[in-house]
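Hi,

Here is the structure I promised to pass on.

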Amino acid sequence: MGLPAMFFAIIPLLSGPVAQLVEQRIENPRVGSSILPQATSLQIIFCKIDYFPWYFVDTKSNSIPTHVAIVMDGNGRWAQNRHMPRSMGHAKGSSIVRGLVEHCSHLGIKYLTLFAFSTENWSRPRDEVSTIMELFIKYLEKELKNLANSGVCFKVIGDISLFDKELQEKINDAVELTSRNKKIVLTLAANYGGRWDIVKAFQSWLKENPSSDVSLLSQETLQKYLSTSDIPDPDLLIRTGGEQRISNFLLWQIAYSELYFTEVLWPEFDKEQLEIAISWFKSRQRRFGSVSG
Ligand code: FPP
């Protein structure tokens, strides 16, 4: 069989299974996303026509994550390994944020969420808590112009009412100043806890709907009351520092996130480490509770 004949013989063989996968994907757009990551509506229409070799229409490779969330762990150990106070680890950890935000933006990641201070972190020594609060203030003072000019939309999730007035004002100013930026959304989770978020969502819903039947409350509705209602769920959750736990981070939102744990301590998590995590993510087959094609 000559080459052209082989070419036309293979098309019908391939069309069936691939079209079946795309059919499933029409029902549930997340099915087969790693195999058919970017099937366009044109391709979906074409696959409805039996044996149309739609797979010759250009498809992009498995996409990078839209939303990356990070538990920045290991600052204290990084400092202790160097016989320095833990506060130096937090300072170093804060100093690497700029480069990572820029690199995420450069890679086309649209949302980056950083766990900066949990509802449980208040139990740390008072000095350490003060250091972290001072670093937030310094970060905003130093980075605000740069964030605003480089298209970063800055947000905070968490109960900031417990922070000093000065920090609250700086946060509100930064949110306001960058609110129209579109390149990347940088969200700091500060005095945040996943359980707090879910309870607060339920309370807010109940306040708005005092006479509603609670048994009719759906996931879709409750989701609208979470602090992350305007951002998609994370595709990739990274935790640095070697621990393999979630520590009350985005509990609801990471239901189908890919979880990446690395021994690398946060102050050493550079662009190269980020790219390693993203390559790992690209190799994952996401099924969202379904079965693979
Ligand atoms: C966890 O490391 C880190 C924190 C609880 C604080 C994170 C804060 C920063 C990176 C600085 C502020 C960030 C910004 C964006 C201004 P750890 O202290 O638990 O480390 P360990 O596990 O080695 O003790």
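When I say that two residues touch, I mean that they have heavy atoms within 4.5 Å of each other. Keep in mind that this is a predicted model.

With that in hand, take Ile70. Leaving aside residues up to four places away in sequence, Ile70 touches Leu112, Thr113, Leu114, Phe115, Ile238, Phe249, Trp266 and Phe269. Ile70 also belongs to the largest nonpolar core, which has 42 residues. Along with Leu112, Phe136, Leu186 and Ile238, Ile70 is among those that touch the most other members. Helix α6, residues 126–149, gives this core its largest share, 8 residues.

Now the chain as a whole. You'll find 10 helices and 6 strands in it, and 44% of its 293 residues count as buried. If you take the contacts between residues at least 6 apart in sequence, 72% of them join residues at least 24 apart.

A word on confidence. The average pLDDT for the chain is 85, and 78% of the residues score at least 70. Residues 3–61 are another story: the pLDDT is below 50 there, although this stretch has 64 contacts in the model beyond near neighbours in sequence.

Cheers

How values were computed:
Residues are numbered from 1 along each chain as its sequence is written. This is a predicted model: local features need pLDDT of at least 70, side-chain atom pairs count only at pLDDT 80 or more; totals for chains, interfaces and linings use all residues. Side-chain values use heavy atoms; hydrogens and water are left out. A nonpolar core is a set of buried Ala, Val, Leu, Ile, Met, Phe, Trp, Tyr and Cys residues joined through side-chain atoms within 4.5 Å. Buried means under 20% relative accessible area, exposed over 50%, partly exposed in between (1.4 Å probe, protein chains only). Helices (H or I, at least four residues) and strands (E, at least two) are DSSP runs, numbered from the N terminus. pLDDT is the predictor's confidence in each residue, from 0 to 100.
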